[in-house]
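Let's take a walk through this one together. Have a look at the chain below, and then we'll go through it piece by piece.

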Amino acid sequence: MTPNEERRPAGNRTPNKNHKDETSVPDAADPVTRCSCCAHPLTAAASVARGFGPVCAARQSAAQLRARRESVSARLDALAARVGLLGADALAVVASGLDDVLDELGGAR
Ligand SMILES: [Zn+2]
């Protein structure tokens, strides 16, 4: 038995043993839920609900955080390039938003 094989208690449905080849097309009759990222079989209910195993979920959230940082940074750069063109009302909105951002960053001013 390899570590990737799911352990099933006796009496459960028998796994499909008709695999003739190793095609990458998912078998619609496969009863095992697999990680959307690496196709590792998922057994924990939380992992099945999430669609990812714990390792890939952590990797994904780290990648999402990195992507959000890059997005916010790019938007701040765009704002910095245009702030000189804004009127008084828009500047008040921007100043208020920047106060919120600085508060979120721990009041570092
Ligand atoms: Zn995975």
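Predicted model: local features only at pLDDT ≥ 70, side-chain atom pairs only at ≥ 80, totals over all residues.

**Helices first**

Residues are numbered from 1 along each chain as its sequence is written.

How many of the 29 residues of α2 are buried? The count is zero, and α2 is hardly covered. Buried here means that 20 or more other C-beta atoms lie within 10 Å of a residue's own; exposed means 12 or fewer, partly exposed is in between, and the C-beta atoms are placed from the backbone.

Helix α3, residues 88-104, passes the length check too: its 17 residues should span 24 Å at 1.5 Å a residue, and its end C-alpha atoms sit 24 Å apart. None of those 17 residues is buried, so α3 lies largely in the open. Just after α3, Gly-106 takes a positive phi of about 95 degrees.

Zooming out, the protein chain has three helices and zero strands, giving the pattern α-α-α along the sequence. Helices (H or I, at least four residues) and strands (E, at least two) are DSSP runs, numbered from the N terminus. Of the chain's 109 residues, 3% count as buried.

Now for α1, residues 45-50, which is where you'll find Ser-47. Ser-47 has 19 C-beta neighbours inside 10 Å, so it counts as partly exposed. Leaving aside neighbours within four places in sequence, Ser-47 is in contact with Leu-42, Phe-52, Gly-53 and Pro-54; contact means C-beta atoms, placed from the backbone, within 7 Å.

One more stop: Ala-39, in the segment before α1. Ala-39 is not a glycine, yet it has a positive phi of about 70 degrees. With 14 C-beta neighbours inside 10 Å, Ala-39 counts as partly exposed.

How values were computed:
Expected span 1.5 Å × (residues − 1). Contact = placed C-beta atoms within 7 Å.
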